[in-house]
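Dear colleague,

Please find below the structure that I am handing over to you.

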Amino acid sequence: GQNLKQGPGQRKKMKNKILVGLIVLLAASGTGLANTLNVRLNYFLPRAQGTADGLWGIEFENMTFKRSQFQEAYFGFGYEYFISPNFGLLFEVDPYSKSRSGSYRSYVGYALEEGDFAFPGDYQGDFVPGHSLSLTITPIQLSAKIAPLGRRSKIIPYFGGGVGLYLWSVRMRGDLIDFSDEYYYEDPDYGDVPVYPIYPIDAWEGDSFGRVAFGWQAFAGFMFPIANRLTIDLGFKYSVAKGKFTDAFLGFEDFDLGGYHIMVGMNYWF
């Protein structure tokens, strides 16, 4: 079964992950691997899939969270090394971070002498139980990039794919309803009403740089030259990765880190 463990109170800083990625890219540049610098605006749509026993499934079933609430725009960075007019190696860093707050569906909280308990939503309640869910996902990716028509045409189509090293973390803070520990409240009108204890939670999976997972990605798009050394880049990427819980969320299935990326960027050719 699932087991939630108390996590550290400090907040993870995304700048640490961005710094790691930039160091990787700058190292590639320093070794002469960089022929193109790419800066792009990405819009990430997390796939957020999982069974009813996984963290994604439990959150979507019991909380007011929606997948669309975890969509986010962010800036990504990349270097490309040209091996031939039609083939290159692409190094990319895509730092994503999102935090959302939600409340439990169909439950209200009462502060009783025995502690806080969740009652069915038909009751008025003293408060609405809820918590926040915070995610960080920073893939450092190496891909093969193919431009079948070369790089000198007015429209430059490309496609490719590769592997990624994912730095990630998940944090939950607020109220947790323990549905595995059922009690009954003797109501004079409704009889025995099932209620559940509410506990404060600050569970955090990740350390200074987050957990590490491995994944892969595939992408395609078009580049449009606008100057001698500049191109506009429009593309789409599909990524797949799953993180294994080893601390705060022991017992949950692997966490889906992948999704869909819509990319608009600019390439500077060295």
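Strand S12 is joined to strand S13 (residues 230-243) by eleven bridges, and the two run antiparallel. Strands here are DSSP runs of E with at least two residues, helices are runs of H or I with at least four residues, and both are numbered from the N terminus. Two strands are said to pair if DSSP finds at least two bridges between them. S12 and S13 form a hairpin, with four residues between them. Within this pairing, Met223 stands opposite Asp233 in S13.

S12 (residues 211-225) also pairs with strand S9 (residues 156-177), in the antiparallel sense and over 13 bridges. One of the residues involved is Pro157, whose bridge partner in S12 is Phe222.

Two remarks on the basis of the description are needed. This is a predicted model, in which local features need pLDDT of at least 70 and side-chain atom pairs count only at pLDDT 80 or more, while totals for chains, interfaces and linings use all residues. Residues are numbered from 1 along each chain as its sequence is written, and side-chain values use heavy atoms, with hydrogens and water left out.

The chain as a whole

The chain contains two helices and 16 strands. Of its 270 residues, 46% are buried, where buried means under 20% relative accessible area, exposed means over 50%, and partly exposed lies in between (1.4 Å probe, protein chains only). Among contacts between residues at least 6 apart in sequence, 74% join residues at least 24 apart; a contact means heavy atoms within 4.5 Å.

Helix H2

Helix H2 (residues 55-62) is mostly covered, with six of its eight residues buried. These are Leu55, Trp56, Gly57, Glu59, Phe60 and Asn62. The elements that cover them include strand S5 (96-103), strand S8 (130-146), S9, strand S14 (249-250) and strand S15 (255-256).

Individual residues

Glu205 is located in strand S11 (residues 191-205). Glu205 counts as buried because its relative accessibility is 0%. Its side chain reaches two backbone nitrogens, that of Thr246 at 2.8 Å and that of Asp247 at 3.2 Å. Beyond its neighbours within four places in sequence, Glu205 is in contact with residues including Trp168, Arg211, Lys244 and Phe249.

Ser132 is found in strand S8 and, at 11% relative accessibility, counts as buried. Leaving aside neighbours within four places in sequence, Ser132 is in contact with Arg100, Ser101, Arg171, Met172 and Arg173.

Ala48 lies in the loop between strand S2 (36-46) and H2, and is buried with a relative accessible area of 2%. Ser106 lies in the loop between S5 and strand S6 (107-112), and counts as exposed at 57% relative accessibility.

Cavities and a pocket

The search used a 1 Å grid over the protein atoms alone: a cavity is a set of points where a 1.4 Å probe fits but cannot get out, a pocket is an open set with protein on both sides within 12 Å along at least five of seven lines, and lining residues have an atom within 4 Å of a point. Grid points are joined across faces, edges and corners, and a volume is the space filled by probe spheres set on the points.

By this rule there are three cavities of 30 Å³ or more. The largest cavity has a volume of about 130 Å³. Of the 14 residues that line the largest cavity, Asn38, Leu90, Glu92, Lys145 and Asp233 are the closest to its centre. S2 supplies the largest share of this lining, three residues. The lining of the largest cavity divides into four nonpolar, four polar and six charged residues; Ala, Val, Leu, Ile, Met, Phe, Trp, Tyr, Cys and Pro count as nonpolar, Asp, Glu, Lys and Arg as charged, and the others, Gly among them, as polar.

The second largest cavity holds about 50 Å³ of space. Its lining comprises seven nonpolar residues, three polar and one charged, among them Phe44, Tyr74, Asp94 and His261.

The second largest pocket has a volume of about 290 Å³. Of its 15 lining residues, Phe82, Arg151, Arg152, Asn228 and Trp269 are the closest to its centre. Strand S3 (72-84) and S13 each supply at least two residues of this lining.

Yours sincerely

Conventions:
A polar contact is a pair of N or O atoms within 3.5 Å; within protein, one must be able to donate a hydrogen and the other to accept it, and residues adjacent in sequence count only if both atoms are side-chain atoms.
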